[in-house]
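These are my notebook entries on a structure I looked through.

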Amino acid sequence: MRILAVAQNTFREAVRDKVLYVLLFFAASTILGSKALGWISIGQDVKIVKDISLAAVSIFGVLIAIFVGTSLVYKEIDKRTIYTIICRPMARWEFVIGKYLGMALLLAIVTVVMTLVTAAYVLSLGGSVDTTFFLAVLLIYWELLLITSLAVLMSSVTSPILGALIVFSAFVVGHATTILIDLPEHFHGTWTEFVLACVYYVIPNLSNFNIRSEAANGVEVAPAYVLWAMAYGSVYTIMLLVLASLAFEDKDV
Amino acid sequence: MDAIATQDLGKTYRSSLLRALPPSLDGLSLAVQENEVFGFLGRNGAGKTTTIKILSGLVRQTHGEAYIFGDSVRKRQARRHIGYLPENPYFYEYLTPRETLDFYGRLHGLGTRERTAEWDKLSDLLDLRDIASQRVREFSKGMRQRLGFAVALVGDPKVLILDEPMSGLDPLGRRSIRELILRMRDEKKTIFFSSHVLGDVEQICDRVGILVKGKLTSQGRIDELLGKQDSPVEVIVTGLAADVVAELESKALSTRVSEAGHHLTLQDVQTANEAVRVALAKGGSLVEFTQLKESLEDHFVKAQEVSP
């Protein structure tokens, strides 16, 4: 009940945020503009449109998660709206989880809207959308949930600017984790190799959520893989939310 | 049982480099009884807001303990008893008063029917009906304060913790908050509030505590703190023969003469009554009888000077 009240309010607040509409506008422009690249690749336009559109859903979703997510808790403290909230008979973790769920709802709606725009556009071009296309969107959303949990953790402990930088870096590194272990030979047995290996195991491998090229090429993906990727993401998300709740538990506001 | 009790309560904030700053609150021990209006006084930075934030669960104390009706403020249960009005309260700008109260009702765990009943009761009490459809962003300071008071009352708490509730209000706004506090006292609530407006404190508080640099330097009933019972009395009498005046002047602490008559400052009420009885018996007239009590402001200023 209390978590839902916070979630609903977070959603309502985010919907009134202008940044959201600016990002949605650019996302729609990218999806509709992807046809331009389709012309270059003769006969491949639907495939290119799908590929670029799914990338747009992912990137603009991540930008929304970062811009809105990293200020979620911070803004409440900065604007002092939190004073009259956590003095209520509610646990602090309920507040953190409520903020997270509000953001998850917003991202779900944003993702659905962008997906519908993409699907309608692909169909209008004479293409088709299959199960893999929707599974790709599902995994993009699951990745957004993970990114948002990191953003919420950051918003509980640091400023939005620093938080956004850290989350964005984690996003970039998370999509290229293999470079952390595929080191040149002269690094073998060094501390650098050890530290980078630690980072490799700590940072989630976000490539696990990327089945966009399979979706664009109409290649089937095993449901078991999708379920495994979702479980993988859920473990990280839950851990990050526990950390966010612990960080906020004794924070003076 | 005390409504609010603190034992050796202290708070030391840390700087961004984790260096300990001087304590904001140091060894605060006080008890506020049920159905009492307690005024918490101190200069800016004395530790009033820190105390209030600890009581409201916003800040964790570094040492000591605080209880609301016997429940430690570290526990969620303690917050069931309190309604908190921060200084310059902030609410979600895009909500209306009704949506705001509904939101806080849900946070308090109230059901739909209870929340509707809360709106009916509080919108009448705080005059919110006329502004029910306006967004909070359009509110004046006084309107925000009224809404803040309503939010504090959601869930019918037994203790109201108000941080500078009259700050920045015009005289009418201050008066309406003063009346609300008294009304809440009549409804058997306990009110703990900080204020800089000493005149208001003097008018409505049963007891006060004065905080200087994080330490409680005095607490008690206002008349006790100001020594009202033992304070001197100035009597102005007229129409007396010189020998009677001389007799009365011999008993006075100080004397002077003005157009109004002979001013005699006497030790206490009893001595003053005796002097008046003598003056009237000798054919004189009483013009004025004034107890020279120290004002709360004088006491407050003195408390700052005494503290190291």
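Entry 1, size of chain B. I looked up the radius of gyration of chain B and found 25 Å, whereas a compact globule of 308 residues would have a value near 19 Å. I keep in mind that this is a predicted model. I then took the box along the principal axes, and the C-alpha atoms of chain B fill roughly 80 × 50 × 35 Å.

I repeated the look-up for chain A.

How many helices and strands does chain B have? I noted ten helices and 14 strands in chain B. For chain A I wrote down twelve helices and zero strands. Read from the N terminus on, the elements of chain A run α-α-α-α-α-α-α-α-α-α-α-α.

I checked what share of each chain is buried, using the cut-off of under 20% relative accessible area. In chain B, 51% of the 308 residues are buried. In chain A, buried residues make up 50% of the 253 residues. Next I took the contacts with a separation of 6 or more. In chain B, residues 24 or more positions apart account for 68% of these contacts. In chain A, residues 24 or more positions apart account for 81% of them.

Chain B has 42 positive and 43 negative charges, and their mean positions are 9 Å apart. Chain A has 15 positive and 17 negative charges, with mean positions 14 Å apart.

Which residues touch the most other members of the largest nonpolar core? This core has 151 residues, and I found Ile68(B), Phe149(B) and Phe192(B) to be the ones that touch the most other members. The largest share of this core, 16 residues, comes from helix α8 (residues 131–157) of chain A. I followed Phe149(B) further. Leaving out residues up to four places away in sequence, Phe149(B) touches Leu85(B), Leu126(B), Leu160(B), Leu162(B), Ile177(B), Leu180(B), Ile181(B) and Met184(B). I also noted a second, separate core of 15 residues, which includes Val237(B), Leu240(B), Val245(B) and Ala272(B).

I reminded myself of the background: most residues other than glycine have a negative phi. Arg80(A) is not a glycine, yet its phi is positive, near 65 degrees. I located Arg80(A) in the loop between α5 (72–78) and α6 (83–86) of chain A. Arg80(A) counts as partly exposed because its relative accessibility is 35%, a value between the cut-offs of 20% and 50%.

Lys188(B) also has a positive phi, about 70 degrees, although it is not a glycine. Lys188(B) is found in the loop between α5 (171–186) and β8 (190–194) of chain B. Is Lys188(B) buried or exposed? Lys188(B) has a relative accessible area of 59%, so I noted it as exposed.

Technical notes
Residues are numbered from 1 along each chain as its sequence is written. Chains are lettered from A and ligands numbered from 1 in the order in which they are written. This is a predicted model: local features need pLDDT of at least 70, side-chain atom pairs count only at pLDDT 80 or more; totals for chains, interfaces and linings use all residues. Side-chain values use heavy atoms; hydrogens and water are left out. Helices (H or I, at least four residues) and strands (E, at least two) are DSSP runs, numbered from the N terminus. The radius of gyration is taken over C-alpha atoms; the globule rule is 2.2 Å times the number of residues to the power 0.38. Buried means under 20% relative accessible area, exposed over 50%, partly exposed in between (1.4 Å probe, protein chains only). Contact means heavy atoms within 4.5 Å. Lys and Arg count as positive and Asp and Glu as negative; His and the chain ends are not counted. The place of a charge is taken as NZ of Lys, CZ of Arg, CG of Asp or CD of Glu. A nonpolar core is a set of buried Ala, Val, Leu, Ile, Met, Phe, Trp, Tyr and Cys residues joined through side-chain atoms within 4.5 Å.
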